[in-house]
Amino acid sequence: MESGEQVHELRGRTPRATAAMVAARAGVSTATVSLVANGKTQGRVSEDNISRVREAIAELGYVVDSIGSSLAKGISSIVILVAPDISNPFFANVIAGVRGALGAEYQLLLSVTDAGEFPRVDDVRRLLALRPAGLLVDAPSEEFLEDLSVAGPLVLLDAPGLESFAPSVNLDVGHGARLLARHLADAGHKQAAYMDSVTGTATFDIRRAAFLEESAALGITVATDHVIGTTIDVGAAAGAFAAAWPDWQRDGVTAVVCATDTHAYGVLQEARVAGVRIPQELAVAGFDDLPYSATSNPGLTSVHLPGDALGARAGEQLRRVMEGKGLEQHQLILQGSLMVRGSTEPART
């Protein structure tokens with residue numbers, strides 16, 4: 001229960017300043033306030049009135065509700081980014097890239113899900129009632145895009161095989177998976193395991209398929225029961241590895257590739273608890289090359305996927321579409337690279 005003094009303080013707060021309040025303070029019309037606040041004064045508002053309105057704005061703390069005003073006009077400066085499983089730290093880089101590309105003219109609204117889940121069409125449709133200027137969808141499924149059926153500006157991120165739906169910016173994850181298989185083959189591994197994500201998006205299907213195909217071609221066996229999946233969560237991955245390791249060890253598994261670095265962190269964590277020597281007994285590798293991967297002990301071998309560039313290129317593409325500019329390329333592909341570290345390669349002495 002609040003004290004009487006606290007209640008009095010809350011009730012006594014100054015109400016939010018409005019355009020009408022600014023107009024009254026400056027002795028002008030609300031239309032003049034709108035012109036000044038939106039920078040449209042040239043040839044329409046005198047310098048004296050501009051000065052008085054700006055002074056009133058400063059005194060009252062008036063803030064323009066750009067979203068509300070744009071909706072009232074039937075347009076919007078909102079951009080919606082739909083992303084699966086925001087628990088994956090990789091999306092922080094993607095979001096930063098999008099935000100930088102859109103600039104201050106647009107407000108970025110996120111539509112995200114819990115771990116292991118994909119956004120629901122009904123949830124996104126409710127957000128579309130805001131009449132966004134554009135939509136970005138990260139790692140969608142074909143079914144999701146068919147059900148959503150968006151008519152406005154749309155750009156896809158990390159959506160291999162779905163280029164016919166909209167302009168897209170994709171990561172060549174298959175190339176990275178093949179690089180990993182070659183690295184393990186060169187190190188002499190013959191039996192490997194794979195820890196997948198259960199999100200069920202195309203990017204993870206391609207990572208897994210490319211790694212398994214290249215491994216088979218290079219003489220590395222990955223048995224069906226040596227492929228497991230969890231949510232993108234360190235604890236879940238650690239638990240899955242703890243349950244699987246006794247069988248993997250008995251079957252001669254000497255390497256495990258993880259669909260994300262987050263999965264790999266769980267494997268490394270549980271391996272330490274179980275006394276498994278990395279990489280002498282088990283080599284561990286991941287995808288994404290998150291910042292912690294370079295400083296973990298041992299450092300994690302990982303496929304570097306440029307999340308910030310993915311977000312930036314997608315934001316740039318969408319901005320051009322929203323502003324009626326043509327696209328030089330409707331599909332962009334960003335290359336990854338393999339960062340080899342101590343989790344797969346013993347330290348040299």
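How do the residues of the lining of the largest cavity divide into nonpolar, polar and charged? They divide into six nonpolar, four polar and five charged, where Ala, Val, Leu, Ile, Met, Phe, Trp, Tyr, Cys and Pro count as nonpolar, Asp, Glu, Lys and Arg as charged, and the others, Gly among them, as polar.

The model is predicted: local features need pLDDT of at least 70 and side-chain atom pairs count only at pLDDT 80 or more, while totals for chains, interfaces and linings use all residues. Residues are numbered from 1 along each chain as its sequence is written, and side-chain values use heavy atoms, with hydrogens and water left out.

**Confidence.** The protein has a mean pLDDT of 86 (the predictor's confidence in each residue, from 0 to 100). A pLDDT of 70 or more is reached by 89% of the residues. Two elements mark the ends of the range; helices (H or I, at least four residues) and strands (E, at least two) are DSSP runs, numbered from the N terminus.

| Confidence | Element | Residues | Mean pLDDT |
|---|---|---|---|
| lowest | helix H1 | 4-11 | 39 |
| highest | strand E8 | 255-258 | 98 |

Over residues 1-13 pLDDT stays under 50, and the model has two contacts (heavy atoms within 4.5 Å) for them beyond four places in sequence. Where pLDDT is low, the predicted coordinates should not be read in detail.

**Overall fold.** The secondary structure comes to 13 helices and 12 strands. Of the 349 residues, 47% count as buried (under 20% relative accessible area, with a 1.4 Å probe and protein chains only). Among contacts with a separation of 6 or more, 71% join residues 24 or more positions apart.

**Cavity.** The whole structure holds one cavity of 30 Å³ or more. A cavity is a set of points on a 1 Å grid over the protein atoms alone where a 1.4 Å probe fits but cannot get out, and lining residues have an atom within 4 Å of a point. The largest cavity has about 110 Å³ of space, a volume being the space filled by probe spheres set on the points, which are joined across faces, edges and corners. Its lining has 15 residues, and the closest to its centre are Asn88, Phe91, Asp158, Thr203 and Phe204. Helix H6 (90-102) and helix H10 (202-217) are the elements that give two or more residues to this lining; H10 provides the largest share, three residues.

**Threonine 32.** Threonine 32 lies in helix H3 (residues 30-37). Threonine 32 counts as buried because its relative accessibility is 15%. Beyond its neighbours within four places in sequence, threonine 32 is in contact with Val45 and Val53.

Note on methods
On a 1 Å grid over the protein atoms alone, a cavity is a set of points where a 1.4 Å probe fits but cannot get out, and a pocket is an open set with protein on both sides within 12 Å along at least five of seven lines; lining residues have an atom within 4 Å of a point. Buried means under 20% relative accessible area, exposed over 50%, partly exposed in between (1.4 Å probe, protein chains only).
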